[in-house]
Amino acid sequence: MDNMITTEQVTKKYKSFLAVDHISLHIRKGSIYGLLGPNGAGKSTTMKMLLGLTAPTEGMVAIDGKQFPADRIAILKEIGSLIEAPSFYANLTGRENLDIIRRILELPQSAVEDALELVGLSEFGDRLAKEYSLGMKQRLGLAGALLGRPPVLILDEPTNGLDPFGIHEIRNLIQSLPDLYGCTVLVSSHILTEIERMADDIGILNHGRLLFEGSLDELRQHALRSGFAADHLEDMFLSMIEKDNTSRKERNN
Ligand SMILES: Nc1ncnc2c1ncn2[C@@H]1O[C@H](COP(=O)(O)OP(=O)(O)OP(=O)(O)O)[C@@H](O)[C@H]1O
Ligand SMILES: [Mg+2]
C-alpha cells in the first residue's frame with residue numbers, strides 16, 4: 001500500500017533539547033495510525049511538523065507526495081486537524097463556528113450539517129459554543145476537522161475530556177472514516193484500549209525517539225521476542241517504555 005504520510009529523520013530541537021529525534025514514520029493510505037508515547041515524548045511536536053505549524057530542525061516531511069514549504073497550501077487543503085484544545089468563537093453557536101470554517105474552505109452549506117451529524121452534535125448546533133460541555137467542544141473541534149472530508153486527519157488526543165460513551169462514539173466514528181471516504185487517520189491518545197481497538201499500525205515514541213513502528217501483530221511478536229507480556233497493548237507499551245528508560249539511565253551513569 002502507498003504511504004500517505006512519511007517523515008525521514010525528522011528532528012525538532014528547542015535550543016539543545018531534542019524534542020523529536022530523527023524519526024522516520026510510514027503511514028499507509030487509508031490506515032488508522034496510533035501515535036503513542038508518555039507525556040513529553042514528542043507526539044504533539046511531530047504532529048505540528050506534519051501540519052507546518054512548526055518547522056523541523058532537520059529531516060523531511062511528505063504528505064501525499066507533497067513537501068513543506070513549497071506545497072504548503074496544497075498540503076493544508078488535504079488535512080483536517082485537531083491539535084490540543086480546539087478554540088472557537090464563544091459567542092457564536094456551534095453551527096455558526098463551523099460555517100466560518102466552511103466559508104474559508106469554500107465548501108457547500110451542506111458540509112456543516114454533514115459534519116454536525118457525523119460527530120453527533122446536530123441537535124446542539126444552535127447552542128452557543130461557550131455553553132458547550134468539554135466533550136461537546138471536542139466534538140465540535142472534530143466536526144471542524146472533518147469539514148469537507150479531508151483525505152488526511154491528524155487528531156491529537158481527540159477523546160480528551162469525553163465521557164466513556166463519548167470515547168466509544170468518537171472511536172466508532174474514527175474507525176468508520178477509512179471506509180466512509182478513504183481517509184487516512186493519524187491519532188494520538190493515552191487511552192491505549194481505544195488505540196488497540198481502532199489502529200491498524202502503531203508508532204511508539206519515548207523521549208523523542210521512535211522505539212517501534214508496525215502493526216499490532218508485529219508489536220506482539222516484538223514483545224514476545226523481548227520476553228514481555230503481549231496480551232494487551234498497555235502491557236507491551238509499558239514494558240517497552242520501561243526498558244528504554246532503564247537503558248537510558250544506564251547509559252547516563
Ligand atoms: N515551544 C516549545 N519550546 C520548548 N520546548 C518545547 C516546546 N514545545 C514542546 N516542547 C518540549 O518538547 C517535548 C515534547 O513535547 P510534546 O508536546 O510534543 O509531547 P507530547 O508527546 O505531545 O506529550 P503529551 O502526552 O503530554 O501531550 C516536551 O519535553 C516539551 O516540553
Ligand atoms: Mg501532546
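**Helix α1 and its setting**

Just after helix α1, Gly 52 adopts a positive phi of about 70°. The model examined here is a predicted one, and the values below are computed from it.

The buried residues of α1 are Lys 43, Ser 44, Thr 45, Thr 46, Met 47, Met 49 and Leu 50.

Gln 109 lies in the loop between α3 (94–105) and α4 (110–118). Its relative accessibility is 57%, and Gln 109 therefore counts as exposed, the cut-off for that class being over 50%. Even so, Gln 109 touches Asp 99 and Arg 102, when residues up to four places away in sequence are not counted. Asp 99 is 10 residues from Gln 109 along the chain, and their C-alpha atoms are separated by 7.7 Å.

Ala 229 is found in another loop, the one between α8 (216–225) and α9 (233–252). With a relative accessible area of 42%, Ala 229 is partly exposed. Leaving aside neighbours within four places in sequence, Ala 229 is in contact with Ala 223, Asp 235 and Met 236. Ser 110 is 119 residues from Ala 229 along the chain, and the C-alpha atoms of these two are separated by 49 Å.

The whole protein provides the wider context. It has 9 helices and 11 strands, and buried residues make up 47% of its 253 residues. Among contacts with a separation of 6 or more, 67% join residues 24 or more positions apart. A compact globule of 253 residues would have a radius of gyration near 18 Å, and the protein, with 19 Å, agrees with this. Along the principal axes, its C-alpha atoms fill a box of roughly 60 × 40 × 35 Å.

The accessible surface comes to about 12,500 Å², and carbon and sulfur atoms account for 49% of it. There are 27 positive and 35 negative side chains, and the centres of the two sets lie 5 Å apart.

Conventions: Residues numbered from 1 in each chain as written. Chains lettered and ligands numbered in written order. Predicted model: local features only at pLDDT ≥ 70, side-chain atom pairs only at ≥ 80, totals over all residues. Heavy atoms only, no water. Helix = DSSP H or I, 4+ residues; strand = E, 2+ residues; numbered from the N terminus. Rg over C-alpha atoms; globule rule 2.2 N^0.38 Å. Buried < 20%, exposed > 50% of the residue type's maximum accessible area, 1.4 Å probe, protein only. Contact = heavy atoms within 4.5 Å. Areas by Shrake-Rupley, 256 points an atom, 1.4 Å probe, with all protein chains shown as cover. Lys, Arg positive; Asp, Glu negative; His and termini not counted. Charge placed at Lys NZ, Arg CZ, Asp CG, Glu CD.
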